[in-house]
Amino acid sequence: MMAKESKLQGMVRDANLNKNIGNFSYWIHRITGIGLSVYLLMHTFVLSSAISGPEAFNERMGTVQNPFFAILEVLLIAGVFMHMLNGLRITITDFFNWSRGHKILFWIAAVIFVILMIVAIKLQWPKFFIENYGMGGH
Amino acid sequence: MVERASNQSVLTWFLQRISGILLAFFLITHLNVHHLFHDITVSGIINFAGVRENLQSSIWWKIYYIAFVPFVVFHALNGFWQIIADFRLKAGAAVFMKAIFWILGIILIVTAIMTLGNLFGGGA
């Protein structure tokens, strides 16, 4: 008799049994979704220093503007684009009853993702170097 | 389908998609303006005065962010709730979790609105 498994164990077992695009994108969507929700909390915490005034805001913003956070920001941007493109794919298949096209939509989303990330990393590039943080403007 | 969806879950399914489509627009704009196209070698690091100058440059930024916040909070918390709902909590635990999410959502929206008010300046 099979031992009773938890929901999470069932999800992992299901992922192992169904190594396909649908299952992969399901996990990507959930993991990026949780990550982005946690980021939303941190983002609100950092920006809420504005409530205490400009000095508090500048001080807290100063602690998150360096090459380390610039690299984390690339991960954030990757998470946003993955979640956004896959979310649009889900919405198209849902609203247009087009589940037959979900695989081709996945590959279209993957190509757009790679292009967007190349552009994003190029734009982000100067932030990876500490010497570019000397200026005090805005 | 073995299970019958309640009207509430159909509504939240629909709202999750609608808010998702709107967030695609909001986030592309927000990411471009405040993250990607903020050239540190030209504008320097982000500070209070710079953010206020940006936000005061047009009334549309105020409207944009006031609309953005509720949608992003709803989408994040409702998405989280959908993951938790998959685990089929006992009725009491589900009510408790929903209450936590509602409180968290209200705290997030109030904090964000207060933050934006200070960044907008001029009693906005």
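**Close-up views of helix packing in a predicted two-chain model**

**View 1. Helix α5 of chain A and its packing partners.** The buried residues of α5(A) pack against α4 of chain A together with α1 of chain B. They are L105(A), A109(A), L116(A) and A120(A). Buried means 20 or more other C-beta atoms within 10 Å of the residue's own, exposed means 12 or fewer, and partly exposed lies in between, with C-beta atoms placed from the backbone. The model is predicted: local features need pLDDT of at least 70, side-chain atom pairs count only at pLDDT 80 or more, and totals for chains, interfaces and linings use all residues. Residues are numbered from 1 along each chain as its sequence is written, and chains are lettered from A and ligands numbered from 1 in the order written. Helices are DSSP runs (H or I, at least four residues), numbered from the N terminus. The 23 residues of α5(A), 102-124, should span 33 Å at 1.5 Å a residue, and the end C-alpha atoms agree, at 32 Å apart. The expected span is 1.5 Å times one less than the number of residues.

**View 2. V114(A) on helix α5.** V114(A) belongs to helix α5 of chain A. V114(A) is exposed because 10 other C-beta atoms lie within 10 Å. Its C-alpha atom is 9.8 Å from that of M82(A), 32 residues apart along the chain.

**View 3. Helix α4 of chain A against helix α1 of chain B.** The axes of α4(A) (residues 67-95) and α1(B) (residues 7-36) come within 10 Å and cross at roughly 150°. Axes are lines fitted to C-alpha atoms over the stretch in contact, and angles run from 0 to 180 degrees between N-to-C directions. The two helices are therefore roughly antiparallel (over 145 degrees). Residues making the contact include I77(A), V80(A) and M84(A) of α4(A) and I21(B), A24(B) and L27(B) of α1(B). Contact means C-beta atoms, placed from the backbone, within 7 Å.

**View 4. The side of chain A that touches chain B.** 35 residues of chain A contact 35 residues of chain B. α2 (21-47), α3 (54-63), α4 and α5 of chain A each give two or more residues. α4(A) gives the most, with 8 residues.

**View 5. Helices α1 and α4 within chain B.** α1(B) and α4(B) (residues 59-85) pack at about 130°, with axes 9 Å apart. Among the contact residues are L22(B), L23(B) and F26(B) of α1(B) and F68(B), F71(B) and V72(B) of α4(B).

How values were computed. Parallel < 35°, antiparallel > 145°, perpendicular 65-115°, else oblique.
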